[in-house]
Amino acid sequence: MKLLDRYVTVSFIRVFLGALLIVSISGVTLDYVSRIGHFQESDVLEGTFAEEYSRLELVLRFYAAYLPFLLKEVLPFVTVAAALFTLANMLRHNEVLPVVAAGGSARRLFLPLVIAALLVSFGHLAFQELVVPTLNREQIALKPLFRGDRRQRLKH
């Protein structure tokens with residue numbers, strides 16, 4: 001891997017992780033604000049859950065199970081946005097013109113972005129097939145707790 005390829009790839013990864021973090025925090029915050037009434041009104045501390053979990057632990061477990069579903073939905077958009085922001089940042093700092101003027105092609109410059117986006121796509125597919133189904137059971141078990149349905153039992 002050439003130095004230019006590493007530079008473009010690291011720039012993409014940096015922007016991608018930052019965008020993913022911002023979208024994750026925003027999504028969880030917006031969902032928490034929309035459900036705060038359910039979290040406060042629920043009687044999860046009564047009955048069988050009183051000895052197992054506190055309210056904060058249940059909310060944290062709920063969002064630990066919710067976050068992968070959020071990431072599954074926004075990952076394609078974050079990938080495209082990260083590639084566009086990386087290109088825009090390279091253009092803004094005049095990093096494309098010297099490469100093209102030195103004899104490199106624009107295709108060669110953008111190849112690391114395409115490869116990184118493909119790797120993210122394959123990671124997204126693996127994540128969707130391996131991680132999401134196991135967390136779906138956890139999320140299904142936790143959702144009724146905050147709607148007042150205490151008949152559901154949380155399984156470890």
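Residues are classed by relative accessible area: buried means under 20%, exposed means over 50%, and partly exposed lies in between, with a 1.4 Å probe and protein chains only. By this scale Asn94 counts as exposed, at 57% relative accessibility. Asn94 lies in the loop between H2 and H3. Its phi is positive, about 55°, although Asn94 is not a glycine.

The model is predicted; local features need pLDDT of at least 70, side-chain atom pairs count only at pLDDT 80 or more, and totals for chains, interfaces and linings use all residues. Residues are numbered from 1 along each chain as its sequence is written, and side-chain values use heavy atoms, with hydrogens and water left out.

The protein chain has five helices and zero strands. Helices (H or I, at least four residues) and strands (E, at least two) are DSSP runs, numbered from the N terminus. The order from the N terminus is α-α-α-α-α. The chain holds 156 residues, and 33% of them count as buried. Contact means heavy atoms within 4.5 Å. Among contacts in the protein chain with a separation of 6 or more, 81% join residues 24 or more positions apart.

Helix H2 (residues 55–92) packs on helix H4 (residues 106–130) at an angle of about 175°, and their axes are 11 Å apart. Axes are lines fitted to C-alpha atoms, for helices over the stretch in contact, and angles run from 0 to 180 degrees between N-to-C directions. H2 is therefore roughly antiparallel to H4. Angles under 35 degrees count as roughly parallel, over 145 as roughly antiparallel, 65 to 115 as roughly perpendicular, and the rest as oblique. On the H2 side, the contact residues include Pro68, Leu75, Thr79, Thr86 and Met90. On the H4 side, they include Leu109, Leu113, Val120 and Phe127. By class, twelve nonpolar, four polar and one charged residues make this contact of H2 with H4. Ala, Val, Leu, Ile, Met, Phe, Trp, Tyr, Cys and Pro count as nonpolar; Asp, Glu, Lys and Arg count as charged; the others, Gly among them, count as polar.

The largest nonpolar core has 22 residues, of which Phe12, Phe16, Leu20 and Leu109 touch the most other members. Such a core is a set of buried Ala, Val, Leu, Ile, Met, Phe, Trp, Tyr and Cys residues joined through side-chain atoms within 4.5 Å. Helix H1 (3–41), H2, helix H3 (96–101) and H4 each give two or more residues to this core. H2 supplies the largest share, twelve residues. In soluble globular proteins, nonpolar side chains tend to be buried together. Beyond residues up to four places away in sequence, Phe16 touches Leu75, Val78, Thr79, Ala82 and Val120.

Thr86 is in helix H2 and has a relative accessible area of 2%, so Thr86 is buried. Leaving aside neighbours within four places in sequence, Thr86 contacts Val8, Ser11, Phe12, Val15 and Leu113. Thr86 and Phe12 are 74 residues apart in sequence, yet 5.7 Å apart in space, C-alpha to C-alpha. Ser24 is found in helix H1. Ser24 counts as buried because its relative accessibility is 11%. Apart from residues up to four places away in sequence, Ser24 touches Leu67, Leu70 and Leu71.

Ile13 is likewise in helix H1. Its relative accessible area is 41%, so Ile13 is partly exposed. Ile13 and Leu113 are 100 residues apart along the chain, and 9.4 Å separates their C-alpha atoms.
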